[in-house]
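Good morning, everyone, and thank you for making time for this. Please have the sequence and the model open while I talk.

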Amino acid sequence: MKIRNLNSYLQNSHPVYGKILSYSIIACLFATLTIWVGGVDAADSFGDPFEGGKLKNPDWKWQNEPPKWDVGETRKDFLYIDCEPNRNLWAGDASHFLYQETDTDMFDVETHFHAKWDTSSGVNGLLVKSPGDNNWVTIKFWGRDAGAKGHIQYQTRQAGMGPPDIQWRFGDWGDIEMSLRLKKEGDTYTAWYKAEGDEDWMDIGQGNFKLNPPLWLGIYAGVAAGAGNLEVEYEYFRDNMNPFPVEPGGKATTTWGAVKTRY
């Protein structure tokens, strides 16, 4: 029996109790829809717009939480990280790593960031890691005080994914704006970047690497050297396969309006 017919039966046969039961049914429907629209969808998405003064996605966790970080205080609608020394990602992972745990076999995520460094070595970027394997795949921006000054590296633990580092001289020393994107399909990973002013994604390359779940997926930063400074501002963490519902409350209100109209 459909709820619509049950509602009519209750109202006609038992006016008082029927009305109470009818309202209870609608209340249960609303609660279910609110959870479905505002909770499950958000939980299924890795995304976070870093807006509104706090982390929006409830699934974030910190590895090595930095002493100084905020959302929106240092720069409006950005996640700000002030990095400590000795927070490298190479032979081990000592980075400030904001992650979500997952066992997914597919994802497509991207981020846009500003990094300022005054150190011989600073690192930040996208990272998917298997704690059980003690290994990972990362697109890393490596800020330096020598050579090409900046490198984009596509790596696993103490090894490359195949494509060579991308090196260039750019802008003022110690200051970069960039976007990074990483896609996983099974054990195949594809990586892209966009420098400031680029309209299209530039291909970094593709590689195969097996990581056993559970996986930790997110963004990181750290001063890789024993001294110096690195400040990173992430504008967003975008899930291209399942966008984060920025205003789940609005969607729930719309759905609740449809329920009231129908019943």
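Predicted model: local features only at pLDDT ≥ 70, side-chain atom pairs only at ≥ 80, totals over all residues.

Residues are numbered from 1 along each chain as its sequence is written, and side-chain values use heavy atoms, with hydrogens and water left out.

Let me begin with the sheet. Strands of a sheet pair through backbone hydrogen bonds, either parallel or antiparallel. Here we have an open sheet of seven strands, with antiparallel pairing, in the order β2-β3-β15-β5-β11-β12-β13; strands are DSSP runs of E with at least two residues, numbered from the N terminus, and two of them pair if DSSP finds at least two bridges between them. At the edges lie β2 and β13 (202-208), each of which pairs on one side only. On average, neighbouring strands of this sheet are turned by 20 degrees against each other, direction ignored, where the axes are lines fitted to C-alpha atoms and angles run from 0 to 180 degrees between N-to-C directions. The antiparallel pairing of β2 with β3 runs over four bridges, and Val 71 stands opposite Leu 79 in β3.

Now, how many salt bridges are there? The count comes to seven, a salt bridge being a side-chain nitrogen of Lys or Arg within 4 Å of a carboxyl oxygen of Asp or Glu. One of them joins the side chains of Asp 82 and Lys 68 at 3.6 Å, N to O, and this pair links Asp 82 in strand β3 (residues 79-82) with Lys 68 in strand β2 (residues 68-71), 14 residues apart. Another joins Glu 233 and Arg 75 at 3.0 Å, N to O, and here the partners, Glu 233 in strand β15 (residues 229-239) and Arg 75 in the loop between β2 and β3, are 158 residues apart.

Is Glu 233 buried or exposed? Glu 233 counts as buried because its relative accessibility is 14%, whereas Arg 75, at 30%, counts as partly exposed; buried means under 20% relative accessible area, exposed over 50%, and partly exposed in between, with a 1.4 Å probe and protein chains only.

Finally, Glu 110 lies in strand β5 (residues 106-118) and is buried, at 7% relative accessibility. Its side chain makes a polar contact with the side chain of Asn 240 at 3.1 Å, a polar contact being a pair of N or O atoms within 3.5 Å, where, within protein, one must be able to donate a hydrogen and the other to accept it, and residues adjacent in sequence count only if both atoms are side-chain atoms.
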